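User: Hey, I'm new to this one. Can you walk me through its charged pairs?
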Amino acid sequence: MKEVIRLSSSDRNISKRILVVEDNDVNRELMREILEMSSYEVLMAKDGEEGVNMAKEHKPDLILMDIQLPKIDGLQATKIIKADDSTGSIPVIALTAYAMKGDENIFLEAGCCAYIPKPISVISFLEKIKTYLDTKPE
Ligand code: MN
């Protein structure tokens with residue numbers, strides 16, 4: 001009988017890496033503080049282009065993607081990330097301040113798995129992140 005021993009993705013000793021793509025300095029710092037307090041490793045990008053490049057370079061476990069971004073907007077950046085074999089399986093959660101009824105479909109069509117409204121509520125923000133980290137396909 002073969003036994004394969006490996007660390008599962010739920011192993012608490014493995015720190016999960018989250019990429020925050022957000023152009024607003026205050027929002028980005030706020031999310032960094034909340035995530036670091038929860039022991040996540042945080043990577044940050046200030047525009048869509050940097051976000052795509054960092055996703056490819058660092059292969060984070062999860063991406064939080066602002067929608068209104070300079071250079072490449074969040075929807076476009078998500079489509080690029082999802083179309084690339086090396087990053088396509090990374091869950092992307094959209095962040096936006098002005099979602100209207102029906103906007104969620106636009107985020108989902110771009111490849112986002114969920115949407116978090118801004119301003120963020122700390123508890124539901126962390127709960128949603130945890131949900132998508134736990135269900136990430138291997
Ligand atoms: Mn923005």
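This is a predicted model: local features need pLDDT of at least 70, side-chain atom pairs count only at pLDDT 80 or more; totals for chains, interfaces and linings use all residues.

User: Where do Glu36 and Arg32 sit?
Analyst: Both are in helix α1, four residues apart, so about one helical turn separates them. Glu36 is partly exposed, with 38% relative accessibility, and Arg32 is partly exposed too, at 22%.

User: OK, switching topic. What does Glu22 pair with?
Analyst: Glu22 makes a salt bridge with Lys118, and their closest N and O atoms are 2.8 Å apart. That pair links distant parts of the chain, 96 residues apart: Glu22 is in the loop between β1 and α1, Lys118 in the loop between β5 and α5.

User: Is Glu22 buried or exposed?
Analyst: Buried, and Lys118 is buried as well.

User: And which residue does Lys71 bridge to?
Analyst: Lys71 pairs with Asp47, at 3.8 Å between the closest N and O atoms. They're 24 residues apart, with Lys71 in the loop between β3 and α3 and Asp47 in the loop between β2 and α2. Lys71 counts as exposed because its relative accessibility is 65%, while Asp47 is buried at 11%.

User: Which residues do shared partners join into one network?
Analyst: Glu22, Asp66 and Lys118.

Technical notes:
Residues are numbered from 1 along each chain as its sequence is written. Side-chain values use heavy atoms; hydrogens and water are left out. A salt bridge is a side-chain nitrogen of Lys or Arg within 4 Å of a carboxyl oxygen of Asp or Glu. Helices (H or I, at least four residues) and strands (E, at least two) are DSSP runs, numbered from the N terminus. Buried means under 20% relative accessible area, exposed over 50%, partly exposed in between (1.4 Å probe, protein chains only).
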